[in-house]
Each structure stands twice: as structure tokens, then as C-alpha cells.
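Take a look at the chain below and turn it around for a moment.

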Amino acid sequence: MTHKEILEYCLTKKGAYKDFPFGNETICVKVKNRIFAQLFYLKGEPMFTFNGDALTGDFYRKMYPNDVKRGYHCPPVQQPYFNTVNLNGSVPDEEILRMTDGSYQYVVSKLTKKVQRELKSE
């Protein structure tokens, strides 16, 4: 799966938009000002970082030990909640879409109930 394909998929989510808070090299996809996906290159390799709970993060790191790592760029306190995936083709596209869906749902679940209702009505 390519950055372009992931970005297009992310932008189909209600309230999703792209932003560049870390400069032009990292595309962040947000919902209500909270990041749920980051797309960037690390040493020339396309990477994707997604958010989630610690158990989900650990699950994916165990399932794909060579291709899913703790969010490499995140402070240690946040690392259990962010995973960075190497987009070299070894993680199936369907799994990357599930990661994206889970990240979006996780971030939305952290928003206020009012904001969650607003997203549902969009």
C-alpha cells in the first residue's frame, strides 16, 4: 500500500483532514485537531504511524515483528500507543486498512461525547 492510497483512505473518514505540523516531510491526518495517521519516509523507506491502545499496539508488534515497531519518533511515554509500519509490502493492505480504522476509532473515542455526536451527524 502506498502513502497516496493510505492518505486517500484516511480522508474518507468523517472530519478527517491533512496537516503539516512537523514540516512538509510528514503528512499528518487529523480529526478534530488530533492525529490518527502520519505518513513519512525514514531512510528512503515509506512509513506509516498509527495510534491506538497499548494492547493493540503490542498485538501488531508481535504479529509483524520485523515491520511494525513502536512509534520511532514518539517520546517513550507515548510509544506503547503509536506504531510505525514499514510499507515495504510485507504487511497486507487489508491489515493496514484495519490499523487505520482502529486508529481513527481510537482517536474519536477520546473526543468529547458532543464532538463524537457532531462527527456522526456530518
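The largest nonpolar core has 25 residues. A nonpolar core here is a set of buried Ala, Val, Leu, Ile, Met, Phe, Trp, Tyr and Cys residues joined through side-chain atoms within 4.5 Å. Buried means under 20% relative accessible area, exposed means over 50%, and partly exposed is anything in between, using a 1.4 Å probe and protein chains only. The core residues with the most contacts inside it are Phe36, Phe48, Val85 and Met99. H1, S2, S3, S4, H3 and H4 are the elements that give two or more residues to this core, and H3 gives the most, with five. Those labels come from DSSP runs numbered from the N terminus: helices are H or I runs of at least four residues, and strands are E runs of at least two.

Before going further, keep in mind that this is a predicted model, where local features need pLDDT of at least 70, side-chain atom pairs count only at pLDDT 80 or more, and totals for chains, interfaces and linings use all residues. Residues are numbered from 1 along each chain as its sequence is written, and side-chain values use heavy atoms, with hydrogens and water left out.

Now for strand S4, residues 45-51. Five of its seven residues are buried, so the rest of the structure largely encloses it. Which strands pair with S4? Two strands pair if DSSP finds at least two bridges between them. Strand S3 (residues 34-42) pairs with S4 in the antiparallel sense, over six bridges, and leucine 39 stands opposite phenylalanine 48 in S4. S3 and S4 make a hairpin with two residues between them, and lysine 43 in the turn has a positive phi of about 55 degrees. S4 is also joined to strand S6 (residues 82-86) by five bridges, and these two run antiparallel. There, threonine 49 has threonine 84 in S6 as its bridge partner.

Helix H4 (residues 113-121) has two faces to compare. Val115, Gln116 and Leu119 are buried.

On to the charges. Side chains of opposite charge can pair when their charged atoms come close. A salt bridge is counted when a side-chain nitrogen of Lys or Arg is within 4 Å of a carboxyl oxygen of Asp or Glu. A search of the whole structure finds four, including these:

| Pair | N to O distance |
|---|---|
| Lysine 13 and aspartate 101 | 2.5 Å |
| Aspartate 19 and lysine 30 | 2.8 Å |
| Arginine 98 and glutamate 95 | 3.3 Å |

Lysine 13 sits in the loop between helix H1 (3-10) and strand S1 (16-19), while aspartate 101 is in helix H3, so this pair links distant parts of the chain, 88 residues apart. Lysine 13 is buried, at 16% relative accessible area.

Aspartate 19 lies in strand S1 and lysine 30 in strand S2, so their pair ties together parts that are 11 residues apart in sequence. Aspartate 19 is partly exposed at 25%, whereas lysine 30 is buried at 7%.

Arginine 98 and glutamate 95 both lie in helix H3, three residues apart, about one turn of the helix. Is each of these two buried or partly exposed? Arginine 98 is partly exposed at 48%, and glutamate 95 is buried at 8%.
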